[in-house]
Amino acid sequence: MKLGKIAWRNLWRRKRRTLITGISIGFGVMLAVTFTGTGDYGYTNMINTSAIMGLGHVTIEPYGYNQTPSLDKRLQKTGQIRERVLAMPGVNDAIVRITGQAMFASASKTIGGMFMGIDPAQESPEQNLLIRSMVQGEVFSGKDNRGVVVGSKMAEKLNLRIGKKLVYTTTDVYGEIVSEIARVAGIFKTGVNEVDGGMVLLPIDSVRTTLHYDAQDATLLAVIINDQRYAERMRDSISLAERDPQIEVLSWQQTQADLAGIITMDRSGNYISQFLIGLLIAAGILNTLLMSVLERTREFGVMMAVGMSPRTLFRLVVVESLWLAIIGIVIGIIITAPWYVYLYYVGLDFSGAIGEDYSAGGILVDPLIRIRLYKESIIAILTGVFSLTLLAGLYPAWRAGRIPPVESLKAM
Amino acid sequence: MRSIPIYLTILSVIISFSYPVSLSFPQQDNAVRKRAKEILREVDDMWRGTSSHTILTMQVKTSHYTRTIRLEGWSKGKEKTLVRILTPLKEKGTATLKSGNNIYSYLPRTDRTIRLTSGMMMGSWMGSHFTNDDLVKESRMEEDYDPTVSFEGRRNNQDVIEFTLIPKPDAAVVWGKVVLTVLTEDYIPLIQYYYDEDMNIARTITFNKIKQMAGRPRPTVMRVVPADKLNEYTELIYEKIEMDIKLSDAFFSLSHLKRK
Amino acid sequence: MKILSIASRSVFRNWRRTLVTILAMGFSGFIMTLFAALMAGMLQTSERNAVAMNLGDIQIHAEGYRDDPDLYNRIDNAVGLVNKLQQAGFYATQRIYGFGLAAAGSASAGVQMRGVNLKNEVTVTQVHKHVMQGQWLADSDPMGVVIGRKLARTLGVRPGNEVIIIGQATDGSMANDLYTVRGILKSIGEEVDRAGFFMVERSFRELMVLPEGAHEIAVMRPDRSSDLESAAAQVAALAQTYETLSWRQLQPFIARILDLADAQTIIMILITYVAVAMVILNAMLMSVFERIREFGIMKAIGVTPWQLMTLIYAETMIQVVIASSISLASGWSAAHYFQKNGIDLSAIASSTSFGGVAIDPIWNAHVTTEALALPIVFLFIIAAAAVIYPAIKAAVIHPVKAIHYH
């Protein structure tokens, strides 16, 4: 459009001013990308790590288990449920587990803790943090033998080594006390004291026998999905597919409300900060545009005198601000790109600052800060830049249209 | 979670700590084993009888406290036991009922009966050096261990037989092995050692003061000493033992638990 | 001063252009002030949440207690020590701990019982304000207890329900008694949520036969901005043979996280400043360069380059002074408002994730002198730096060139 060309040339009449404003917008883009991207990466990391600590992104549980867990509540025919879930798009894995509380004893001492009954064939270091953190020995080979994998702190307290025996006592499905023996096959160390001192892995079929469960019973099915952002949607689809009053499907936001709370608060804080800075840049843009309008008072006066409508002038300035936005974004991309690539592939390593123990409320924190920008975030940032710039341009554009021709000719 | 010191009383272990015994028959392994098991059962019945009634005092000395309580207990077969505290006054009336795999405790102070859960099993029983789990496991010693004779002959001017019990691979016991020495005559136990898996002694039980009670000589004082705290002990002193008395099943019911 | 009056006249002659510039600077300063205050507030809130909820600034234990919490490993004469600390100006409270089993109906759970000294505890921590359901403890209700959120769920109890506690007392006897749930706490931390069982101190002592002594003394500095290390040293001197640790030593990970957040905040503020610098640079450059013709004429009629530069600087300073006042006034009032009221984050976040969390989702600003002063100092520096180039240009340019400048 003709207007576009004119607007473009107007901008470049004042090269320096346009460039500086463009740079400040570009800078704002870099800021937004950095903080949104590192935030998203960090949150995604925390969510994914926490998902593989046992419950998955989406958890299928017996109804009411989340509120009051007890070993008499269980899922049945889990094999079939698992197959159906695995067939759903977006699902990376579905793992059947039994979790419960027990007392663990050796000749020296007794401690209370939790067990997770697993099928080694279904598990892998990617989907199970405890397996990933093994430091000695290995996971028991079958799902029905007498192996056990314990945490390093528990091994210490109970004076256990690979091959030594452990007796665990728990309550079965009938409410009776049962005990079983197991020999240490492996030891893990997550760095989280509560986990290392209180959790063990047991073969799931042995647990079923001990607890007098049926062959396919379990207390949870952990669903790992490809993109954690779709957790709630996945929960809804599974809920719909499995329509069973005995079952409850929960997303990680529900099973780990504390984590959800922390993330939300941090993200909100992040948005507010970015908003403030956005306002700042908008102020700068406003300043630039307004100045440029004010100094072209005579020019606009002349244009109106020869017949240009106020509305056209308005649109002209608006288009100028649009161009400014585009310039700013281009500069922003130029500034941000190398920084982004660095963060994406290398990242900032804060492990020196954090030290040994990576736990925060039982959740591991990755000391490496990297970046990951989702499509939606990119769109959001671009939209934000355009909106702010346009908004900033509104008042100057309006002023441009309002100049009475005679007045402007007098102005100097 | 920390270990939870909870009391649980099961009389069977007090009355009849299972004394597995086997005759020494050289070379005939299978026969020996079979015989040992038969004798084990016989001795078990000897101690437990079809039913029993005991009164005893338990004294516990630890580095923090010394306490003495007086108990009265009944048992019927292997599955039913009822124990009640007589003194001190503060705990009088506290009772525990074991019926099959279920264990209940009545607490007079709060007038509540609770059912024991797995979390309570590993705690010390009544502040003593026994654990609740000890008391439950006791009645299963025959199923959980393989007995062999490790020594027979003269020791300290006495004719003794020494048995070594190795836990079966599937048995849910924490010990590495148990070694029991008895007098050849009447199979009266003298001393029992519990070893951990590294074959270090974890605790020792000694039996003393043999007296004639309920028709045969029995040790009336039993002392448990933990290996890591040699100045501590738990001592059981039997005052009265009655065997094969008439006890109904209703006697071992929840309602009866509450009676003072 | 002649220059000043000329400067001010010229400033007010082009009042529209000046206004725009001043507003741009003032707004920048306002944003910087508000931002700094909010960041300071966030750090303070995080620290307060971590520390004031349960931990306290400093804690005293008997040697070896933390590694192996034993009922018998106590601080003797805890009351005396608490008094000494209070006389030294600190807030202090004694706590006693024990482990036991809680049962309600058919549910049971292992718990950590805590005997709370009501009078002193409220001076040290904020737990009493975070009761989600029901009420906090009261001396008038010795059998009333306050329990953690997850514990309440496991036991399936609500305020008014009864809970039985079973444990082993110091004399080896079985401790047992019946209590009534008086309150349920919001989420304070994993330990308290799962196993927290708070009782009136007197009731605990009776239950566990523990007439004297305590397991932990929690101390709070009277002035939370004073140096933590020196306060800890002071407390250690009073506690003598017992182990004294600051919250940073007790929870090194939280300490590092906060330090990290601190560093991040500084980076964010620096970035803000750079963004501001851009805005002001732009404004100043524009305001000088478009008057270059005017300056050229002035030179033509005899104004010396030096005088011209001084004039430009004078104009700039006037504008900055006005802008600073605007920024200070607006920044301070906004920061103050947010200090008192705070931004309610739960409105922005989805509401469900905040149910029952003891961390207030309210983000309060914290007005510090740095938050107010630094932006102003910065404005001056940037404005001065920004005008250097155009001022020199204006000063040296040939008048004829200037008149034709564009």
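Leaving aside its neighbours within four places in sequence, which residues is C:Gly148 in contact with? Keep that in mind as you load things up; we'll get there at the last stop. One thing before you click: this is a predicted model.

**Stop 1: chain A**

You'll find 15 helices and 14 strands here. The radius of gyration of chain A is 31 Å, well over the 22 Å that the globule rule gives for 412 residues, so this chain is more spread out than a compact globule. Turn the view around and follow the C-alpha trace: along its principal axes it spans about 100 × 50 × 30 Å.

Chain A has an accessible surface of about 17700 Å², and carbon and sulfur atoms own 59% of that. Even so, buried residues make up 58% of the 412 residues in this chain. Look at who touches whom, too: of the contacts in chain A with a separation of 6 or more, 76% are between residues 24 or more positions apart.

Next, colour the charged side chains. Chain A carries 41 positive and 36 negative ones, and the centres of those two sets lie 15 Å apart.

**Stop 2: chain B**

Hop over to chain B and colour by confidence. The pLDDT averages 78 here, with 81% of the residues scoring at least 70. Pick out strand 1 (residues 51-61) of chain B, where confidence is highest, at a mean of 92. Then try helix 1 (residues 11-15) of chain B, where confidence is lowest, at a mean of 32. Select residues 1-28 of chain B as well: the pLDDT is below 50 over this stretch, which has 128 contacts in the model beyond near neighbours in sequence.

**Stop 3: C:Ser203**

Move to chain C and select C:Ser203, which sits in helix 7 (residues 201-208) of that chain. Is C:Ser203 buried or exposed? Its relative accessible area is 5%, so C:Ser203 is buried, the cut-off being under 20%. Not counting residues up to four places away in sequence, C:Ser203 touches C:Pro142 and C:Tyr179.

**Stop 4: C:Gly148**

Finally, select C:Gly148, in the loop between strand 5 (144-147) and helix 5 (149-155) of chain C. This residue is buried too, with a relative accessible area of 0%. Now for the opening question: leaving aside neighbours within four places in sequence, C:Gly148 is in contact with C:Ile184, C:Val192, C:Asp193 and C:Gly196.

To finish, draw a distance from C:Gly148 to C:Thr244. The two are 96 residues apart in sequence and 27 Å apart in space, C-alpha to C-alpha.

Note on methods. Residues are numbered from 1 along each chain as its sequence is written. Chains are lettered from A and ligands numbered from 1 in the order in which they are written. This is a predicted model: local features need pLDDT of at least 70, side-chain atom pairs count only at pLDDT 80 or more; totals for chains, interfaces and linings use all residues. Side-chain values use heavy atoms; hydrogens and water are left out. pLDDT is the predictor's confidence in each residue, from 0 to 100. Helices (H or I, at least four residues) and strands (E, at least two) are DSSP runs, numbered from the N terminus. Contact means heavy atoms within 4.5 Å. The radius of gyration is taken over C-alpha atoms; the globule rule is 2.2 Å times the number of residues to the power 0.38. Buried means under 20% relative accessible area, exposed over 50%, partly exposed in between (1.4 Å probe, protein chains only). Accessible areas come from the Shrake-Rupley method with a 1.4 Å probe; for residues, only the protein chains shown count as cover. Lys and Arg count as positive and Asp and Glu as negative; His and the chain ends are not counted. The place of a charge is taken as NZ of Lys, CZ of Arg, CG of Asp or CD of Glu.
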